[in-house]
Amino acid sequence: QLRQYLATQLKIYGMRQAGCVWNKTLNDAMLSWGFTRLTCKYYIYTCTMPLGTCIATVYVDDFLTI
């Protein structure tokens, strides 16, 4: 389990592909939570719920949720 954790940390922070791995991990998580990514703006996710719509924007590693 520690080996898997260290391998994940290396992928996320220690390689040139870190941004791509981070984006894929984030996208998979957002989709699993019910969000949909806009096709025209890959940094905007929306999720429609009974109480309203949640809009989340992502820039590098920062979030803004409305």
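**Close-up views of a predicted model**

**View 1. Asparagine 27 and its contact with tyrosine 45.** Asparagine 27 has its place in helix α2, where helices (H or I, at least four residues) and strands (E, at least two) are DSSP runs, numbered from the N terminus. This is a predicted model, in which local features need pLDDT of at least 70 and side-chain atom pairs count only at pLDDT 80 or more, while totals for chains, interfaces and linings use all residues. Residues are numbered from 1 along each chain as its sequence is written, and side-chain values use heavy atoms, with hydrogens and water left out. With 12% relative accessibility, asparagine 27 counts as buried (buried means under 20% relative accessible area, exposed over 50%, and partly exposed in between, with a 1.4 Å probe and protein chains only). The side chain of asparagine 27 is joined to that of tyrosine 45 by a polar contact of 3.0 Å, a term for a pair of N or O atoms within 3.5 Å, of which, within protein, one must be able to donate a hydrogen and the other to accept it, and residues adjacent in sequence count only if both atoms are side-chain atoms.

**View 2. The salt bridge between lysine 24 and aspartate 28.** The structure holds 1 salt bridge, defined as a side-chain nitrogen of Lys or Arg within 4 Å of a carboxyl oxygen of Asp or Glu. Its partners are lysine 24 and aspartate 28, whose closest N and O atoms are 3.0 Å apart. Because they are 4 residues apart in helix α2 (residues 18-32), lysine 24 and aspartate 28 are separated by about one helical turn. Lysine 24 is exposed, at a relative accessible area of 51%, whereas aspartate 28 is partly exposed, at 38%.

**View 3. The largest nonpolar core.** A nonpolar core is a set of buried Ala, Val, Leu, Ile, Met, Phe, Trp, Tyr and Cys residues joined through side-chain atoms within 4.5 Å, and the largest one here has 8 residues, namely Leu26, Met30, Phe35, Tyr45, Cys47, Cys54, Ala56 and Val58. Two or more residues of this core are given by each of α2, β2 (44-49) and β3 (52-59), and the largest share, 3 residues, comes from β3.

**View 4. Cysteine 47 in strand β2.** Cysteine 47 is buried, with a relative accessible area of 9%. Although cysteine 47 and methionine 30 are 17 residues apart in sequence, they are 9.4 Å apart in space, C-alpha to C-alpha.
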